[in-house]
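This briefing goes through a structure at the level of chain, annotated span and pocket. Please have the sequence and the model open while reading.

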Amino acid sequence: MNNIMIGRFVPGNSWVHRLDPRTKMIVTFVYIIVMLWANNWQTYAWTAAFVVALVKLTDQPFKLYWDGLKPIFWLILFTVILQLLFTPGTPILFSVGPFQVTVPGILNAIYVMVRFVLIILMSTILTLTTPPTSIANALESLLSPFKKIGVPVAELALMLAIALRFVPLLMDEMQKIMNAQKSRGMSFSTGGPIKRAKAIIPLLIPLFIGALQRALDLANAMEVRGFKDAVQRTKYRILSYQKIDKVAFTALIGFVIIFFVIKTWLHG
Amino acid sequence: MAVQNTTPVKGTWSLPKLDVSQFVVLALLVGLDIVLGKLTVGTNVLKISFVFVAMSLIAKWYGPVWTMMIATILDVVGATIINPSGTFFLGFTLSAITAGLIYALFYYNQVHVSWLRILGAVGLVTFVVNAGMNTLWLFIMYSQVHTWDSFVTLLMPRLIKSIMMYPIQVIVTYAFLNNAAVKQATKKIFNK
């Protein structure tokens, strides 16, 4: 539960750290979308090379990235096994009951695993090198065109910034409540699913009450400081694109073009 | 100017104006949703997640428009930054919006949410959104062979899980939304 990557920002002065958060978000989104088109080893190799180069440019130890992968190891394994057992095709290597392990199944399982790992690495690059508040600011800036159709972008961004800021505190609080309930004899890991689900109510209610109290305290603090409207907020740091961002966008365009060149001409 | 010192507008399809307390409470509920996403109980066979609890409360208090917007933001940010698991796909965003809409249509402005409403909302979200729509997105994303049989193969384990989850979600939702502390909080924050 404590493996959450939010708030795992590691300060630094690497090339990636110095990029505008909007640039990093755009690169991450474009990369994830491009990954949906990867369908052969050449395209996967190219997308992997791009991520590895970015990981290198962050100047962070690989252990941090490994920590980002560990929490969803079982999800990856489950998906890989599903692909392995349920992908029909020929040649069939062996059968166990209704399940068949085929060559396309093995290839598909490897591709799915690589896709998972690369997307997680890319997202980890963003969270390791960008503070959560900058992510919220970037989101506000990127979504600003939606203001024209009445979407309260500034409010949503401020809301997300507050939420992200409070996630580590809420996590700690949840852990404390769980420990307190356990010390009173509550068990979250015995009994059937319904018994376990019922056991969660004495955890949810105190957690909710604690969050509510924090919210009301924060609201008071904001009001006494004159907060009235998220739209009127001023910012300590104004986002602006630099030369380094232009280099990053050029690299991104190059990455996308080469990806589709490989996909179209090398494999068809 | 959506954040003002005013009382909420009661129309279902309007964007209720929030005072500062209501605004910050909504932000903390979003935080709670992220935290609950990390909490699972159960066995290896059936893991129960409780993200639906925070979203249900957002729907009950803030209505469909805020709930759908929050669901969109949480899905996009969640799939790419908070819980990156390689499953970012606009279909899942559509599922999150639909689930938020269903919860809000059944729960919004209800002082006491009845069993019938919870059975209906949780049923639609569990079977139509989670088992139906999400399986379709997984089928589009990961299945190499697009036949009815391969869709059913993918659907069956998810449907069985949904059938097992349904009563649990109904009980937890009812116990949470109608809890005395939640009702008290509703009075304190929304004066209703």
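Of the contacts in chain B with a separation of 6 or more, what percentage is accounted for by residues 24 or more positions apart? The share is 65%. The model is predicted.

**Chain B: elements and surface**
- Chain B contains two strands and six helices.
- Chain B has 192 residues, and 58% of them count as buried.
- The accessible surface of chain B amounts to about 7300 Å², and carbon and sulfur atoms hold 68% of that area.

**Chain B: annotated spans**
- An unreviewed UniProt entry places the annotation "transmembrane region" on residues 20-41, 88-106, 118-143 and 163-182 of chain B.
- One of these spans, residues 20-41 of chain B, is 77% helix and 9% strand in the model, and its end C-alpha atoms are 34 Å apart.
- Another, residues 163-182 of chain B, is 90% helix and 0% strand, with 28 Å between the end C-alpha atoms.

**Chain A: annotated spans**
- For chain A, the "transmembrane region" annotation in UniProt (unreviewed entry) lists residues 26-52, 72-94, 106-129, 149-171 and 247-266.
- Among them, residues 149-171 of chain A are 83% helix and 0% strand, and the end C-alpha atoms of this span lie 35 Å apart.
- Residues 247-266 of chain A are 100% helix and 0% strand, and here the end C-alpha atoms lie 27 Å apart.

**The second largest pocket**
- The second largest pocket holds about 730 Å³ of space.
- Its lining consists of 29 residues, and those nearest the centre of the pocket are A:Thr133, A:Ser134, A:Asn137, A:Arg237 and A:Leu239.
- Three helices of chain A, α1 (21-35), α6 (132-143) and α7 (153-183), each contribute at least two residues to the lining of the second largest pocket.
- Which element gives the largest share of this lining? It is α7(A), with five residues.
- Sorted by class, the lining of the second largest pocket comprises ten nonpolar, ten polar and nine charged residues.

Terms used. Residues are numbered from 1 along each chain as its sequence is written. Chains are lettered from A and ligands numbered from 1 in the order in which they are written. This is a predicted model: local features need pLDDT of at least 70, side-chain atom pairs count only at pLDDT 80 or more; totals for chains, interfaces and linings use all residues. Side-chain values use heavy atoms; hydrogens and water are left out. Helices (H or I, at least four residues) and strands (E, at least two) are DSSP runs, numbered from the N terminus. Buried means under 20% relative accessible area, exposed over 50%, partly exposed in between (1.4 Å probe, protein chains only). Contact means heavy atoms within 4.5 Å. Accessible areas come from the Shrake-Rupley method with a 1.4 Å probe; for residues, only the protein chains shown count as cover. UniProt positions are given in the numbering used here, feature names are shortened, and annotations may be inferred rather than shown by experiment. On a 1 Å grid over the protein atoms alone, a cavity is a set of points where a 1.4 Å probe fits but cannot get out, and a pocket is an open set with protein on both sides within 12 Å along at least five of seven lines; lining residues have an atom within 4 Å of a point. Grid points are joined across faces, edges and corners, and a volume is the space filled by probe spheres set on the points. Ala, Val, Leu, Ile, Met, Phe, Trp, Tyr, Cys and Pro count as nonpolar, Asp, Glu, Lys and Arg as charged, and the others, Gly among them, as polar.
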